Amino acid sequence: MTTEVVDMITVVIDGFEVTVPKGTLVIRAAEQLGIQIPRFCDHPLLDPVGACRQCLVDIEINGRAFPKPQASCTIPVETGMIVKTQLTSTVAEKAQRGVMELLLVNHPLDCPVCDKGGECPLQNQAMSTGESSSRFEGVKRVFEKPINISSQVLLDRERCVLCARCTRFSEQIASDPFITLNERGALQQVGIYENKPFESYFSGNTVQICPVGALTGAAYRFRARPFDLVSTPSACEHCASGCDMRTDVRRGKTLRRLAGDDASVNEEWNCDKGRWAFKYVTAVDRLKVPQIRNSAGVLEEASWPEALAVAAAGLKAAKSAVLVGGRATYEDAYGYSKFARVALKTNDIDFRSRVSSDEEREFLAARVVGSSTTYRDIDKADQVLLVGFEPEEESPIVFLRINKQFRKRALKVVSIGSKESIGVEKLKAEFVKVAPGQEASAIAAQSLTNKSVILVGERAAESAGALSAVAALVDSTGAKLAWIPRRAGERGALEAGAIGNLLPGGRPVTDAAARVDIAALWNTDSLPTEAGRSTSQIIDAVNTGQIGGLIVGGVDPLDGDNSHATLAALEKAFVVSLEIAPSAVTQRANVVLPVAAITEKSGSFLNWEGRPRSFDAAVSDSLNRSDLRILSMIAEEMGISLNLGTVTSAIKEIASIGKWDGARVSLNKVNASTQPALNSDQALITSWRRLLDLGTLQQGEENLAGTARRTVAVISPKRAQAMGVVDGDQLKLSTDKGSVTLSALVENIHDDAVWAPRNSRGSQLLVNLGVAHGAVVTVVKA
Amino acid sequence: MAYTDEDFQIMDSIIKRYPRPRSAIMPLLHYVQSKAGFVTNEGIEVIAKILQLEAAEVTAVSTFYTQYKPTPVGEYHVGVCTNTLCAVMGGDAIFDSLKDHLGIGNDEVTADGKVSLEHIECNAACDYAPVVMANWEFYDNQTVESAKELVDSMRSGNPKPPTRGPNKLVTWKEASAVLAGLNDGLAHEGVQAGEPTLLGLKLSKEGK
Amino acid sequence: MTKLAPVLSAHWDEKDSFTLEGYKRHGGYTASAKALAMDPDAVIQLVKDSGLRGRGGAGFPTGMKWGFIPQGDNKDHYLVVNADESEPGTCKDTPLLMANPHVLIEGCIIACHAIRAKHAFIYIRGEVTHVVRRVNQAIADAYAAGILGNGIDVVLHIGAGAYICGEETALLDSLEGFRGQPRLRPPFPAIAGLYARPTVVNNVESIASVPAIVNNGADWYQSMGTEKSKGTTLYSLSGHVVNPGQFEAPLGITLREILDLAGGVRPGHTLKFWTPGGSSTPLFTDAHLDVPLDYEGVAAAGSMLGTKALQIFDETTCVVRAVLRWTEFYKHESCGKCTPCREGTWWLVQILRDLEAGKGTEADLAKLLDLCDNIMGRSFCALGDGATSPITSSIKYFRDEYIAHLTNGACPFDPVASTLFAGAGA
């Protein structure tokens, strides 16, 4: 590891010396000493602007004093600098009081009804730096009280102090300049273009960094006072970015979530889904007590002992397998992994409740498990290659990090795909356009270095040969590789061995030494030796009678491309379902066991880097049990001890698994499929899930849903011309399974392809068409 | 109002004046005003599209500068300087009398759409005070009476010519095209300078 | 012996002075030909030696500014001419460009050569349609004649109504297609100006002065003016005088001398107050008639030479009304970026309106001055500072008049008496 050499500079602030890296701004050097200079426009992650003038201090350099006080948020430290803040300079003190008075001239005295009251930087600093009464006797500027600038964000221009944090964030961080400063002088105001709302995936950050109550979120408006909230550090469960979060709860109910501060991951940002999609926990009709299907085939409530007994007996009676969705915590996934091997004595387990492949399973075991590419590698990359991955839609903080480097140093980004996305346009990425399914050859053609980073999305599994080509590219160039799944739990589940070819800690199940390691840890005689089945193989095995029992946790059968077979298997097998709410699985289960939602338990996720993101229960008085605890109880009932009664015990046990330095699973090269021949009315479907869509974790969030991108079907200009279609015409996409009819949008997409969102209102491709990528669909003008 | 191929060609030529396209945003806004008379949403969207900007970014610029009008102005837009010097020397009286005379207030347009009124800031003609501008052409040394006659001539469709400007007052839209940097061929018309401009030169030639 | 020295204005009295033909008749474009044959550094040295200082208000030595441009950096360099003449009272560049746009174009060619720029931009305010025509036509004629386009391009950029764009970094943002709000400095334009490239921003009059310096030499230019303020310049006399107008004279002439030439303050009236260089420069009174109007002389007397916009107000003028109107101007033109200027001008106007109407107490004067103290030197750029100048200087010289408004309960002045047409009607 190389250490970066940083020049250090020593300055004197209010008589105290402090040594900071060159380039440090005076305001932050002061923070090092615990000296708080008041400020509004300053934000450590935004470019300095010096607009609010609240942070004025007196500065001299080598005996030469600036003739007037300087904005400490804009001036980097220099050798020989002596700074006098409000604490030691009457000039600075008066300047700050003067600015504060001016800021309040046009600020309404509506703190009693303002959401920011109690946690407002203006309120706080008016107390520290202002006068108790105002000399202003004139007429205040008035605006229409809050206006919606999106369905999610409200703007009260009277409260705005024009610090431009929000507009700078939107431009500099999100590259979504949908809000701007308009007009000028005292009439200057934040605004949108009247026909285009502030529909940025990152809009919630502006609410969080607004130093007054000018920007508020519709979801939290008038709901609570900050001093009534109990805040818990948490981790975001929505995707694999791994955002540090804060969850604010009042009387057992989550009222809001904020981005936490983790410089190495999400810095101080998050996406709107992470911020504003939390009501699913309470919006849905939660399961409260266990249920057992009675002899009449109807689910009826049961006691825990009854339900556990039926579950244990049923699973024991048949050869059983485990399906655990990609949203389980690391500890829960570990529980499922151990349960499969120890209680069910099988390797038939898979966390991939989505479109997946055997090539992918080998790739994950061979290349991904235990890997450690990080955000920092993006910071240092000479190039980023995106394969089957739309960062803005599928891992928004990864997008922000790439965008940061793009804006800072024009980081080169190459994206291999069939349709150019908004995110790719914002990154000015080189878009390598391929027909859906033909990604492999484009991957092989890339030239990278050992400073390059390849970011592979879970959708790469949908294109035969793509992951083989990625592995080959890594081998030939030395580029760093990261696999970025959409769901928060997948990386943890992989590391936990919740997959048929791996035991915990990346140990191949077919490796005797690996089995010995884990068997010793688990205090069991032996572990199954054969690699287990994948999700689709488990489904097939149920439907052909080879498997009779399933334990299913957090799986949506509609997430895969074989949902008919999955539903049939659930009907056929003895199913134990661990769920928070009624679902397609519970409807078909023999035993339903209610589990704790994410806010009700502690645990961790491993984000795409493999970095632990742990969290405590935000709702402390929940009686709901974690999956892990229930699995232990079922095992107990089966006469087997999992020794995983608590999350803490799981964490301890996981920690004791050593690194695996034995051989890895090898990856057998898979060739790309031949592109199918297409008639003129046929195209190859391609799609991805948008950040904001019909995802189950977004239930009940109408305001958030209002900012989702429009549902469209995208075709190329050439196809549009041949079909006589223009933007806004209706297009019908169909397969033998069904059809969708969508508004057409003519954009940059491969001529052989048609794109539609995978799971948006009016376009649920896996349900409607049964396909999502690379398959032939008929496209006609509706 | 649809933008024609010719419009797009002109806008393209405006963009080509600059090393970077975004610099063309101001002349393009003037051009939009030359087509529509004011900054329309359509104009904002056209500019956003050809400069690959968000419409919000164009709005941010258009609302910053007072010459870009969010609503229609008259065929002849009259500005009365009421900055201190002109105001003291008669600008205030002229502005008040024009409001009465036209029956409109600041930033308003006569019902016939001929004349709109605005009190403006110093227009760099202080040695000709009080100054009235029409479509940003100079009307020097105005009085209450001369200003009324001026707006009357506009309403009758035969506006008086500017003091220092072309032989005939062009319309607001025509003037906006000039401000978009398009050449209307009238540069040679009108005086090269008025008397106050030449005063020092004249005195020096007289040996003073 | 005349006290005037027309150089820029020498041929403005010829009907075709604005044409290429008219300009060439008096040696137009011989200076640029001469300069282009010189080493660029020699041109910079010549301008340094001439002592030419910026005519836009700050008086920074022009040659030194050119010398700040990094050489051999393989970057594009730019010249930007500030023709956004908007400071109240200032009216020199506009008639200059109407009467002789070619001298600016020639100055641009010389300056571009000196600073190794291929591109010059002339940022002209948008409220002067006919001046825009003249400059645009002159550029077109210069291209047609092969004067431009041979390695040096001049582009006319037309503003749209924003005083703040006269501030050089706001001007650059505006030219780049943004809201015209001032930028943080450093970096200074000489290092990262237009499109983040090394850029010189000069006033029209500064650049227009260069051809004559090249043709006549630094010594000739040095021979005019005062010790540290060299050359000639345009003084713009306006207001309550018999003959307002442009007076090109060596730096250091006094208002008394100019008033003599202009026939004095209008008959029957006396000088009350005046601005030496626009509304942002502290007011002077009849006590300052003999202050030499050069950079040092005016500064020593407590104001600034600024744009040499001599606005003359006689005793019929209410100083409170005058100051209120200027303050309304600053409020209207504040860009909104920083708190002191944006909110401060909003507040100042309200206090001054009350004072002019005779409402308030003497304590309001103290509040007004304290407010000015909280704006002056606390704002992002000089606009906020300028907004306080008329207020603080007027209270300094005319405190009694403010008090009179309060004791009178109204403005004691008749506004009609101060109009140009007062004599005719009254």
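Analyst: A:D14 is partly exposed, because 18 other C-beta atoms lie within 10 Å of its own, and a residue needs 20 or more to count as buried. The model is predicted. A:D14 sits in the loop that links β1 (8-13) to β2 (16-21) of chain A. Its phi is positive, near 50°, although the residue is not glycine. Most residues other than glycine have a negative phi, and most peptide bonds are trans.

Another backbone angle of this kind occurs in chain B. B:N141 has a positive phi near 45° and is likewise a residue other than glycine. B:N141 belongs to the loop between β5 (137-139) and α6 (144-155) of chain B. B:N141 counts as buried, because 22 C-beta neighbours fall inside 10 Å, whereas A:D14 is partly exposed.

Chain C has cis peptide bonds in one of its loops. The bond joining C:R185 and C:P186 is cis, with omega about -5°, and the bond from C:P186 to C:P187 is cis as well, with omega near 5°. C:P186 lies in the loop between α8 (168-175) and α9 (189-192) of chain C, and C:P187 is placed in the loop between α8 and α9 of chain C too.

Of the 782 residues of chain A, 58% count as buried. Among its contacts between residues at least 6 apart in sequence, 70% join residues at least 24 apart.

One buried position in chain A is A:V190, which has 26 other C-beta atoms within 10 Å. A:V190 is part of strand β10 (residues 189-192) of chain A. Leaving aside residues up to four places away in sequence, A:V190 touches A:L155, A:R157, A:C160, A:C166, A:T167, A:I179 and A:L181.

In α18 (residues 512-522) of chain A, the buried residues are A:A514, A:R515, A:D517 and A:I518. They cover an arc of only 155° around the axis, which puts them on the same side of α18(A). Those buried residues pack against β24 (502-503) and β25 (507-508) of chain A. The face turned away from the buried side carries the exposed residues A:A512, A:A513 and A:A520. After α18(A) comes A:N523, with a positive phi near 55°.

In soluble globular proteins, nonpolar side chains tend to be buried together. The largest nonpolar core here has 446 residues, and A:V470, A:V754 and C:V81 have the most contacts inside it. A second, separate core of five residues includes A:L229, A:A617, A:A618 and A:V619. Not counting residues up to four places away in sequence, C:V81 touches several residues, among them C:L104, C:F121, C:Y123 and C:I207.

The contacts between chains can be described from the side of chain C. With chain A, 22 residues of chain C are in contact with 26 residues of chain A. The elements giving two or more residues to that side of chain C are α15, α16 (339-356) and α17 (362-375). The largest share, eight residues, comes from α16(C). By class, the side of chain C that touches chain A has seven nonpolar, eight polar and seven charged residues.

The contact between chains C and B takes 72 residues from chain C and 68 residues from chain B. Elements that each supply at least two residues of the side of chain C include α5 (93-99), α7 (129-144), β5 (232-239) and α15 (319-333). α7(C) gives the most to that side, with eight residues. The side of chain C that touches chain B has 33 nonpolar, 28 polar and 11 charged residues.

Technical notes:
Residues numbered from 1 in each chain as written. Chains lettered and ligands numbered in written order. Predicted model: local features only at pLDDT ≥ 70, side-chain atom pairs only at ≥ 80, totals over all residues. Buried ≥ 20, exposed ≤ 12 C-beta atoms within 10 Å, placed from the backbone. Helix = DSSP H or I, 4+ residues; strand = E, 2+ residues; numbered from the N terminus. Arc of directions from axis to C-beta. Contact = placed C-beta atoms within 7 Å. Core = buried A, V, L, I, M, F, W, Y, C linked by C-beta atoms within 7 Å. Nonpolar A, V, L, I, M, F, W, Y, C, P; charged D, E, K, R; others polar.
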